[in-house]
Amino acid sequence: MPHRSIHWFRKGLRLHDNPALLAAMKDCEELHPIFILDPWFPRNMKVSVNRWRFLIEALKDLDENLKMINSRVIAENNGKPPLTYVRLQTVLASIGPPKRPCSAPTKENMKDCRTPWKGSYEEIYGIPTLEELGQDPTKLGPHLYPGGESEALRRLDLNMKRTAWVCNFKKPETEPNSLTPSTTVLSPYMKFGCLSTRTFYWRLAEIYHGKKHSSPPVSLHGQLLWREFFYTAGAGIPNFNKMEGNSVCVQVDWDENKDYLEAWREARTGYPFIDAIMTQLRTEGWIHHLARHAVACFLTRGDLWISWEEGQKVFEELLLDADWSLNAGNWQWLSASAFFHQFFRVYSPVAFGKKTDKNGDYIKKYLPILKKFPPEYIYEPWKSPRSVQERAGCIIGKDYPKPIVEHETVSKHNIQRMKAAYARRSGTSGEQAPKSPSNKKGVKRKAPSVADLFKKK
DNA sequence: AAAAGCGTTGAGACG
DNA sequence: GCGTCTCAACGCTTT
């Protein structure tokens, strides 16, 4: 049976002739090789610097050798995670497609296998209710995406039935503000592993077979590759969910602005498109990818100049599909901190939504207070004459906030601030993509490293 | 219109 | 003549 294992390296600091390590890897889907450097040791045992050097070298060598047999993508790219999608595709082309999924276990598989089950099982190990978890069920939003494998497979089937839609799928052409999702919303199921990536991949491959179909990066296959793209980045780049100590992340002098951050999080920026998206996020737990673009750009480089790490926290809390690497990676992308560098391309919180929803029906759905505004003012209600606001039963500044910033002004200013941040990056002599990723000094970590644990005390 | 950086490519230096 | 390295130019970037 597939399982996870921990291999505790104590004295056998080697890969060769290591039966315990081999046994740990057998049918193992997740291996955690560990060595315990007990801080007690240096405090209580006198060990010469020569011996320490020997141990450190042994651990480094072990670490390198373990990496060699792991992380195939990253290894294929000379030990560095691919920083562009094209590069990832090149690497994947040499690795080939993923393995076929294995079939689900049946009663037959369980024939000779017992599950010890006592009467008190439910009571002791049963799944807790929301109340028992300290959650308030009255705060629940609409139940649009029920959890679980059964729903995942049902949803997959439903989507895969539309073969023409699947073959023509181009992500940038789907709509961020349609009233029902314009994409599959399989991401929460992927995040929790209710749906296997390989199952999804091969279902698509079967549908594509012999037909004309879209390709990565915009196709559905392409979406799965984006996931791999950020997974390799998240696995291979230290401090990937932070700006500081993150080698691919542009160091930006973000503001701390509690009021702006709260306004953004609580859907009262005064920009209906932004606030509608943030409302959908809070109530339903899923928003379209391009809607994420719009609010992420607004929070960071576009308008509010607040660190992407703050946005990351809010998404982590509210998104059903929040996935560590994808969340960190996409926030860096949208804030032009990494992967994407054309910071002068700023989403307009007014114009962007209009492209696919002239009427503002999406805004009216999530911000019903604005529903009586005519289409020409729905994206910019503060521009409407008083009489229009009265007729709509919504006075701007009283019933719905005025814009907290003036987009035209702040976005221009922020582009200049981005430009300065990039100039500092290339200007400061040191940090220019070091040759080997291992030899970067001066990198500060926030999480305590092993070394930190040995410093002081 | 231009703003940036990644990765590739091709030319040239070097051994 | 050949392989390796360095450098600058260029094309591309999910909207």
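**Stop one: a tucked-away serine**

Select Ser307: its relative accessibility is 14%, so this residue counts as buried, since the cut-off for buried is under 20%. Keep in mind that you're looking at a predicted model.

Now show the helices on either side. Ser307 sits in the loop that runs between α14 (289-302) and α15 (308-318).

The Ser307 side chain reaches the backbone nitrogen of Glu309, at 3.0 Å.

Who else is around? Leaving aside residues up to four places away in sequence, Ser307 touches Trp254, Asp255, Leu299 and Thr300.

**Stop two: DNA strand B**

Time to move on to the DNA. Select DNA strand B together with the residues around it: Leu83, Thr84, Arg87, His341, Gln342, Phe343, Phe344, Tyr422 and Arg425. Colour those residues by type and you'll get four nonpolar, three polar and two charged.

Which parts of DNA strand B lie within 4 Å of the protein? Sugar or phosphate accounts for 59% of those atoms, and the rest belong to bases.

- Arg87: an N or O atom in its side chain is 2.6 Å from a phosphate oxygen of DNA strand B.

How values were computed: Residues are numbered from 1 along each chain as its sequence is written. Chains are lettered from A and ligands numbered from 1 in the order in which they are written. This is a predicted model: local features need pLDDT of at least 70, side-chain atom pairs count only at pLDDT 80 or more; totals for chains, interfaces and linings use all residues. Side-chain values use heavy atoms; hydrogens and water are left out. Helices (H or I, at least four residues) and strands (E, at least two) are DSSP runs, numbered from the N terminus. Buried means under 20% relative accessible area, exposed over 50%, partly exposed in between (1.4 Å probe, protein chains only). A polar contact is a pair of N or O atoms within 3.5 Å; within protein, one must be able to donate a hydrogen and the other to accept it, and residues adjacent in sequence count only if both atoms are side-chain atoms. Contact means heavy atoms within 4.5 Å. A residue is near a molecule or strand if one of its heavy atoms lies within 4 Å of it. Ala, Val, Leu, Ile, Met, Phe, Trp, Tyr, Cys and Pro count as nonpolar, Asp, Glu, Lys and Arg as charged, and the others, Gly among them, as polar.
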